Each structure stands twice: as structure tokens, then as C-alpha cells.
Amino acid sequence: MVEDVAENPARPEPERARQGARRKRGEHRSERREAILAAALEEFAARGFAATRLDDVAARAGVAKGTIYLYFRDKESLFQELVRAMVSPLVGAIAAAPLNELPIRAVVEMIVDLFVKEIYGTRRRDVLRLIISEGPRFPKLAEFYYREVIARVLPVVRARFALAVERGELGHDALARFPQLLVAPALMAIVWKSLFERFQPLDVRELMRAHLDLLFGPRGTP
């Protein structure tokens with residue numbers, strides 16, 4: 001018995017080693033999953049959804065094709081997780097922002113700035129372009145994007161515009177009825193970049209600023 005008690009302090013060491021090994025395996029799995037998502041974005045952006053093959057995604061990620069199925073059921077679920085991983089955090093940021101505490105002009109400028117910096121200025125732009133181009137042929141992808149992004153953001157923005165009308169911040173309820181008007185130039189900018197950027201580059205920040213001036217009047221105007 002005394003001998004057993006004396007040996008007890010040494011027993012946690014194997015457990016700590018096992019925990020360390022599990023942590024490393026978890027980190028490795030996470031890194032491999034991120035590599036697959038990054039490779040999928042490259043392939044989807046270059047080839048479109050239909051032409052992208054999981055073999056090519058695996059090759060770009062440096063893994064066996066079978067490894068992808070350890071993380072994703074099929075190509076559609078891989079695309080869905082790409083949308084969720086890249087866009088959902090921005091949706092959460094908008095939903096969590098103190099929109100009711102800010103003037104309506106500050107609210108829309110925040111949303112526009114988020115689009116310019118975090119969508120148009122990053123590879124998230126390619127995800128949105130894929131939804132625009134591939135959605136008509138693959139309605140399940142469009143439906144997923146609607147549920148994960150649009151259906152979560154639109155009610156929040158619509159409610160804030162309705163509140164702005166009640167407070168007298170807006171002279172009419174057009175934006176409350178059609179909040180899509182706020183982001184219409186953003187979608188146009190995505191299409192323009194993919195089709196016409198090489199002929200005439202578009203200053204998206206200035207475009208969106210001009211759009212806000214049309215909607216709310218020049219900045220600083222009461």
C-alpha cells in the first residue's frame with residue numbers, strides 16, 4: 001500500500017501526455033480542415049461550382065480525396081461550410097451591433113464599411129460572386145445562402161429603418177419596405193468586378209459613398 005501511494009504522484013504524467021497528444025491531433029485536424037476550405041475557395045472561384053472536382057480540391061489542399069469525406073459529406077456540404085465559415089461571422093457582427101443606439105447614417109455607413117473592407121476587399125467577394133453566378137443553376141446553394149445570411153440580416157436592417165422612420169430620421173419608408181436598396185450597388189460592384197474591371201476599374205468606396213449621399217443627402221447635411 002505504501003509503495004502504491006508513493007507511486008501515485010507519477011501517474012498523472014501519462015494522462016498529461018495523452019491530453020497533449022489529443023490536443024495536437026485536434027490542432028492538426030483543424031489545420032487540415034482549414035486547408036481544405038481554402039483550397040475549395042480557390043477551386044470554386046476558378047472553375048465554378050459545377051466544374052469543381054473534389055479530386056482537385058484535395059490536390060490543392062495536399063490531402064487524399066478520402067480525407068475530405070472525413071470533414072464534409074459531399075461537394076455541396078463543402079460549399080455550404082465555406083459560406084458559413086467566411087460570411088456568418090459578419091452576419092453575427094451586424095446582428096450584435098448596437099444599431100438602435102446609433103444615428104441611421106452611422107448605421108448604414110457601418111454596414112457599407114463592413115462590405116467594402118470585409119467582403120469586397122477579401123476573398124469573401126468570390127463567395128458572393130459564386131452565389132450570384134451559380135445560384136440559378138443550383139437553387140439549393142442559393143437557398144442555403146438566403147437562410148444563413150440574408151434571412152438573418154434583412155429583418156435586423158429592416159427593423160432599424162422602420163425605427164428611423166418613427167424617429168423622423170428618414171422622411172419616407174422606402175428603405176424600411178425595401179432594405180435591399182441599401183446593398184444594390186454592392187451587388188452591382190461584385191458583378192462589375194468579375195465582368196468589366198479590366199476595362200474600367202471601379203472605386204467601390206466612392207460608389208457606395210455617392211449612393212449614401214443619394215439616399216440620405218450629402219454627409220453633414222441636416
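Predicted model: local features only at pLDDT ≥ 70, side-chain atom pairs only at ≥ 80, totals over all residues.
Residues are numbered from 1 along each chain as its sequence is written, and side-chain values use heavy atoms, with hydrogens and water left out.

- The largest pocket holds about 720 Å³ of space, and the residues closest to its centre, out of 27 in the lining, are Tyr 145, Val 149, Ile 150, Val 183 and Leu 187.
- Two or more lining residues come from each of α5 (75–96), α6, α7 (124–134), α8 (139–167) and α10 (180–196), with α8 giving the most, eight residues.
- About 210 Å³ lies in the second largest pocket, and its lining includes Arg 105, Glu 109, Asp 113, Arg 205, Arg 209, Asp 213 and Arg 219.
- For that second largest pocket, the elements giving two or more residues are α6 and α11 (204–216).
- A pocket, on a 1 Å grid over the protein atoms alone, is an open set of points where a 1.4 Å probe fits, with protein on both sides within 12 Å along at least five of seven lines; lining residues have an atom within 4 Å of a point.
- Grid points are joined across faces, edges and corners, and a volume is the space filled by probe spheres set on the points.

- Beyond its neighbours within four places in sequence, Phe 161 is in contact (heavy atoms within 4.5 Å) with residues including Ile 104, Val 108, Leu 170 and Phe 216.
- Eight of the eleven residues of α7 are buried, so this helix is largely enclosed by the rest of the structure; among them are Arg 124, Arg 125, Asp 126 and Glu 134.
- Buried means under 20% relative accessible area, exposed over 50%, partly exposed in between (1.4 Å probe, protein chains only).
- Helices (H or I, at least four residues) are DSSP runs, numbered from the N terminus.

**Aromatic pairs**

- The count comes to seven aromatic pairs, where rings of Phe, Tyr and Trp (its six-membered ring) pair if their centres lie within 6.5 Å; planes under 30 degrees apart are stacked, over 60 edge-to-face and the rest tilted.
- Tyr 71 and Phe 72 make a tilted pair, 6.3 Å centre to centre with 40 degrees between the planes, and both are buried.
- Trp 192 and Phe 196 are edge-to-face, because their ring centres are 5.1 Å apart and their planes at 65 degrees.
- These two sit four residues apart in helix α10, about one turn; Trp 192 is partly exposed at 25% relative accessibility, and Phe 196 is partly exposed at 37%.
- Ring pairs also link Phe 44, Phe 49, Phe 79 and Phe 138 into a cluster.
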